[in-house]
Amino acid sequence: MGAVTRPARRPEGDPGDADLVARVRAGERGAVDDLYDRFRRPAFALARRILADDTLAEDVVQDVFLTVWRDPHAYDGGRGSFASWLMAMVHHKAVDAVRREESHRRRQARAEDDLALSAPTSARDVEDDAWTRLVAERVRAALGTLPDAQREALTLAYYGGYTQREVAALTRAPLGTVKTRMLAGMRRLKEELGAVAGGTAGGALSGPAAVDGGAR
């Protein structure tokens, strides 16, 4: 019994489609225009149904016909009609376009969320940094107006982190004297700094330093 050769599947559809494809393959310029006139409406309708957007659907249709023009031999007449092949390509490209649009929208949404979260924070950080520098400059200037002993005690306590008892040991002064110097220095700073002393600067200099270790 000899081998049975499966007959090639005959192309389906309008015989005129085969002629158009043959003309496109031959490089006839007007063939693509004729192809476009024949299939534009169903191609656009399919793409529009998937994408729900006229502009995107038109882009897909243009891409499909450009693909046919660039590679007309991609169509295999043995696998079905040209119309079915063309509509399958429209469906495929339209679905890809939907995925790209979804991906683009997600990236854009994330970018907008990041911008909304970072912009106010950045502005606030800049303002805080500027205010901190301004206060620090004013505090340093005010410290410079104090007598040496008061400035030394306050600097050791609030910038050095020492307790009042440690300041007393470091400066070889009685603890009571250190307390008096610091209290007098704080009153003087308050007069020099005015509103700043009661505001941001108060976080650093308004409270008394601890006599011993622990939180200040």
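**Close-up 1. Packing of helix H5 against helix H6 in the predicted model.** In this predicted model, helix H5, which spans residues 148-159, packs with helix H6, which spans residues 164-171, at an angle of about 130°, and their axes are 10 Å apart. That angle makes H5 oblique to H6, because an angle over 145 degrees would be needed to count as roughly antiparallel, and one of 65 to 115 degrees to count as roughly perpendicular. The crossing of the two helices, H5 and H6, is right-handed. On the H5 side the contact is made by Glu152, Ala153, Leu156 and Ala157, while H6 contributes Val167, Leu170 and Thr171. Sorted by class, the residues in this contact of H5 with H6 are five nonpolar, one polar and one charged.

Close-up 2. Aspartate 17 and arginine 38 form a salt bridge in which the closest N and O atoms are 3.2 Å apart. Aspartate 17 counts as buried, with a relative accessibility of 6%, whereas arginine 38 is partly exposed, with a relative accessible area of 37%.

Close-up 3. Aspartate 148 is exposed, with a relative accessible area of 57%, while arginine 151, with a value of 26%, is partly exposed.

**Close-up 4. The salt bridge of arginine 79 with aspartate 76.** The side chains of arginine 79 and aspartate 76 meet in a salt bridge, with a distance of 3.5 Å from N to O. Arginine 79 has a relative accessible area of 71% and is therefore exposed, whereas aspartate 76, at 39% relative accessibility, counts as partly exposed.

**Close-up 5. A network of salt bridges.** Arg23, Glu28 and Asp34 are joined to one another through a network of salt bridges. For the model as a whole, the count comes to twelve salt bridges, when a salt bridge is taken as a side-chain nitrogen of Lys or Arg within 4 Å of a carboxyl oxygen of Asp or Glu.

Note on methods:
Residues numbered from 1 in each chain as written. Predicted model: local features only at pLDDT ≥ 70, side-chain atom pairs only at ≥ 80, totals over all residues. Heavy atoms only, no water. Axes fitted to C-alpha atoms, helices over the stretch in contact; angles between N-to-C directions. Helix = DSSP H or I, 4+ residues; strand = E, 2+ residues; numbered from the N terminus. Parallel < 35°, antiparallel > 145°, perpendicular 65-115°, else oblique. Left-handed = near helix turned anticlockwise from the far one by under 90°. Contact = heavy atoms within 4.5 Å. Nonpolar A, V, L, I, M, F, W, Y, C, P; charged D, E, K, R; others polar. Buried < 20%, exposed > 50% of the residue type's maximum accessible area, 1.4 Å probe, protein only.
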